[in-house]
Amino acid sequence: MTLRRTGRRDDGRAGPFRRRVTGRIHGMKVIRAFRNLDRHGQQRAPEVIEEEVRQLEPHLVRFSEDLVRLEVVASQTRGKTRIHVSLRLQMPSGVIAAQEEGFEIEPVLRKAFADLRHRLDRHVGRLKHESDWKRPARRRRIGALLPPARDAAESNRRAMYFDLIEDHLDRVHDAVRRELTYLEAGGSVPPGRLGVDELVDAMVLKGLERFETRPTEFSVGDWLLRLAHETIEEEGRAARRALPEDAASLDAEPEKPAEDATEADQELSEFHQPDDVLRLEDLVADDSVTDPEREAERHELAQSLHRAMAQLPALWRRVLERIHLADSTPGEAAAALGLDAAEVDRIALSAAAFLRAKLIEAGFAGETVETANLEQEIARTARLPQPILERQRIVIAMHGEAAILSHAESSPDHPGGRIE
């Protein structure tokens, strides 16, 4: 086994950065990332994951093993005992996520996997009523976010910034995915022109430029969301002004036919194929309702609701999401969005009236719409964490290639992991 120097602390504990291990468990490709887990958690988590993957496999017989990838992230905030587990299952027909929190690694993992199996069964049940669908493989180039740090001072500055933002990246990534889905569905941005990960990259760079002068009247997470929305607006305007992606000069030579993919190309396609062909359907959360007829009705209503959300002004969506998704008070939402509380109340009422009118226009009976809890449905919007490989790119950008532990039997690990 060949090892490179890592960020391991002198006291023997795992460092603050995420450790990643890639491998196959019972034939399924699994990527595990552990952050700040205590010694018991680091030892017990892989055993529980292996047991749970064995139980998950029968639910995936519809899909080829090579087209399925599971990401498992388990983390503890430094100095605290609460554990957060995030699961992300990528399949040809979409991505399913589950999250759980608690104080012991084993029950938290098992609850998260149970929720994932439930969501997977509902997803497969819906697919059985549709024709088989495969997403065409698309390769993309993923470059480094930043050039190497010029000196130790710049390196320390990047490390300090990453420590500040890391715990908020899942929330920001999901907010960008959700807003870009609405913009594409509403026709404000050409489909496929912007990518979620590219927008998050741009937000991270914007924050690095400004983080010493960041506002202190609200949280780091709210500051990052402001930067994310600012980035989406800028890139959206640029995308609307740009030529179509397939436009070519009349003087340019025609492209040569694509050659057969090499093994390296296939590996790149499998790991870096965009996870999110953005669809409003993916914003509809699964429910635990056991009555199929009632669930079908709720699912149709939720899909129509998100279609109507795509037609709202961006600021109106942010107000609704702050109040109902982030569970903020009108005062907190006003502070985060730079509005006054009265304006937030006015927007929330106007947005709700607009959504109800659109649902009635879509064919739902007026009494159904009036009794539906639209606020609860907005709060139930499906959420997806940031992919592990995308998080790794940001770690490398902030800490350099030396932040990666590499050995012959597995893919690179994040710094600070224990050497086993």
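## Confidence of the model

The chain has a mean pLDDT of 76, and 72% of its residues reach 70 or more; pLDDT is the predictor's confidence in each residue, from 0 to 100. This is a predicted model, in which local features need pLDDT of at least 70 and side-chain atom pairs count only at pLDDT 80 or more, while totals for chains, interfaces and linings use all residues. Residues are numbered from 1 along each chain as its sequence is written, and side-chain values use heavy atoms, with hydrogens and water left out.

Helices (H or I, at least four residues) and strands (E, at least two) are DSSP runs, numbered from the N terminus. Over residues 130–143 the pLDDT stays under 50, and the model has 27 contacts beyond four places in sequence for them; contact means heavy atoms within 4.5 Å. Residues 405–420 also have pLDDT below 50, with 56 contacts in the model beyond near neighbours in sequence. Where pLDDT is low, the predicted coordinates should not be read in detail.

## Helices H3 and H14

Two packed helices are described by the angle between their axes and the distance between the axes. For helix H3 (residues 152–165) and helix H14 (residues 388–399), the axes come within 8 Å and cross at roughly 145°. Such axes are lines fitted to C-alpha atoms, for helices over the stretch in contact, and angles run from 0 to 180 degrees between N-to-C directions.

From H3, Ser-155, Arg-158, Ala-159, Tyr-161 and Phe-162 meet Ile-394, Val-395, Ala-397, Met-398 and His-399 of H14. By class, this contact has seven nonpolar residues, two polar and one charged. Ala, Val, Leu, Ile, Met, Phe, Trp, Tyr, Cys and Pro count as nonpolar, Asp, Glu, Lys and Arg as charged, and the others, Gly among them, as polar.

## The loop between H9 and H10

Ser-328 lies in the loop between helix H9 (314–325) and helix H10 (330–337). Ser-328 is buried, with a relative accessible area of 16%; buried means under 20% relative accessible area, exposed over 50%, and partly exposed in between (1.4 Å probe, protein chains only). Leaving aside neighbours within four places in sequence, Ser-328 is in contact with Arg-322, Ile-323 and Ala-333.

Asp-327 is found in the loop between H9 and H10 and is exposed, with a relative accessible area of 64%. Its phi is near 55°, a positive value in a residue other than glycine.

## Asn-36

Asn-36 is in the loop between strand E2 (28–35) and helix H1 (39–56). Phi of Asn-36 is near 65°, a positive value in a residue other than glycine, and Asn-36 is buried, with a relative accessible area of 14%.
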